[in-house]
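Biologist: I would like to learn how to read a protein model. Can we go through one step by step?

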Amino acid sequence: CDELPHIQAGKSSSCEGCPNQKVCASGATKAPDPAIAEIGAKLSTVKHKILVLSGKGGVGKSTFSAHLAHALASDSTKEVALLDVDICGPSIPRIMGLEGEQVHQSGSGWSPVYVDDNLAVMSIGFLLSSPDDAVIWRGPKKNGMIKQFLRDVDWGDLDYLIVDTPPGTSDEHLSIVQYLSATHVDGAVIITTPQEVSLQDVRKEIRFCQKVKLPIIGVVENMSGFVCPSCKNTSQIFPPTTGGAERMCADLNLPLLGKVPLDPRIARSCDEGKSFLNEVPDSPSAEVYQNIVQSIKDYCSNRVTEEQSTT
C-alpha cells in the first residue's frame, strides 16, 4: 500500500533488535515481489475474493468463514474454496470436519482438501502431524506460507474464495493484502461481538482496511443476545454497553449485515465438523446467516455490474 511507511523501514526505533533490520534499511525490500504477479495470474480464474477479518480473537470469525463457505456452496452450480491463513491457530480443519486429512502434491501444485465436490479447503492444519502441534514461526516464514497457499495451490476455476484470517492487523494481514493487490478483491467482512472490549479492536481493523484501501462489505455482530429455550426470555450475554455493532456502523457509515443470536448448537456443530445451517436450518440464527450471505452475494454481483459498466 502506498500509505504504508516504507521509507522508515529498518530505520525506526521499533526496528531495533529485529534480525531483518539491515535488509529493510538497505532498501532491498522495496523491490516488487515477483510473487504478486504470479499470484495475480494464478487467481485470475477466481471471480470473487472475500476476506473475513476481526481485530479481536474469539468472536466467531472462523465459524462465520466456515458457514459462509457452506452457504455459498449449497448452490451446486458454484465452486467455492476456503483458505485458512491463521497460521498459529488453524481451526478450520476441525470446523469443516477435515481433521486428519492431508494435502497432496500434483503437477499443477498442492491439491486442496474437498468437503464436497464444489467446496475446497486449504489450511496449514493439513500439514501438521498432529492438531496439537504448535507453529512457532517468525513473520517471514508465516508470510512465505501465505504466499505458497495463494500461488502454489491448484484452486482451479472458482466463483468464491473466502480467506479466514487471524485476529489483529499484523504480518499476515499485510501479506494477504499485498499478495492479492494484483487481483480483484471484493472486500472484507468484519466480525465482532456486542461488547465494547471487542468493538475497540474492531475499530482498529476497520482503520486498517481504510488505510490499505480494502473495501468493507459490512459488519456482522456475533453472539448478539440469547433466547432461553425454556422461558423464551432474551438475555444479553455480552451486553452492548456502547450500542454494539449497530451504533458503531452508524457512526462509521458502514453496513451492518446482521446480528447472529448466540446458539449453543452452533458451537456443537463446529466441534463435530458439521454445518449448522444444514443441522438446524429453521433456527433464528440460521435465518440471520442466510440473510447475511444473501447480502454478501448481492454485494459481489453489484461490484461486477459496476465494473462492467465502467469498462
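Modeller: Start with a residue. Gly55 sits in the loop between β1 and α3 (61-73). Helices (H or I, at least four residues) and strands (E, at least two) are DSSP runs, numbered from the N terminus.

Biologist: What should I know about the model and its numbering?

Modeller: This is a predicted model, where local features need pLDDT of at least 70, side-chain atom pairs count only at pLDDT 80 or more, and totals for chains, interfaces and linings use all residues. Residues are numbered from 1 along each chain as its sequence is written, and side-chain values use heavy atoms, with hydrogens and water left out.

Biologist: Is Gly55 buried or exposed?

Modeller: Buried means under 20% relative accessible area, exposed over 50%, partly exposed in between (1.4 Å probe, protein chains only). Gly55 has a relative accessible area of 17%, so Gly55 is buried.

Biologist: Which residues does Gly55 touch?

Modeller: Contact means heavy atoms within 4.5 Å. Not counting residues up to four places away in sequence, Gly55 touches Pro167, Gly168, Asp201, Val202 and Glu205. Now take Val59, in the loop between β1 and α3. Val59 counts as buried because its relative accessibility is 2%. With the residues up to four places away in sequence again left out, its contacts include Ile191, Thr192, Asn222 and Met223.

Biologist: What does UniProt list here as "binding site"?

Modeller: The unreviewed entry lists Gly55, Lys56, Gly57, Gly58, Val59, Gly60, Lys61 and Ser62. UniProt also lists residues 47-218 for "domain: AAA+ ATPase", again in an unreviewed entry. UniProt positions are given in the numbering used here, feature names are shortened, and annotations may be inferred rather than shown by experiment. In the model, residues 47-218 are 33% helix and 25% strand. The end C-alpha atoms of that span lie 19 Å apart.

Biologist: How do I read the sheet?

Modeller: Strands of a sheet pair through backbone hydrogen bonds, either parallel or antiparallel. Two strands pair if DSSP finds at least two bridges between them. Here 8 strands form an open sheet, in the order β5-β6-β2-β7-β1-β8-β9-β12, with mixed pairing. β5 (113-116) and β12 (256-259) stand at the edges, each with a single partner strand, so one side of each has no neighbour in the sheet. From one strand to the next, the twist averages 20°.

Biologist: In which sense do β8 and β9 pair?

Modeller: Strand β8 (residues 187-192) and strand β9 (residues 216-221) pair in the parallel sense, over 5 bridges. Ile190 stands opposite Val219 in β9.

Biologist: How do I read two helices that meet?

Modeller: Use their axes. Axes are lines fitted to C-alpha atoms, for helices over the stretch in contact, and angles run from 0 to 180 degrees between N-to-C directions. The axes of α7 and α8 come within 11 Å and cross at roughly 35°. Leu199, Val202, Arg203 and Ile206 of α7 make the contact with Gly244, Ala245, Met248 and Leu252 of α8. Helix α8 (residues 244-252) also lies across β8, β9 and β12, running at about 155° to β9.

Biologist: How many disulfides does the structure hold?

Modeller: A disulfide is a covalent bond between the sulfur atoms of two cysteines. The test is a pair of cysteine sulfur atoms within 2.5 Å. The structure holds 0 disulfides. The sulfur of Cys249 is too far for a bond, because the closest cysteine sulfur, in Cys209, is 12 Å away. Cys249 is buried, with a relative accessible area of 3%, whereas Cys88 is partly exposed at 45%.
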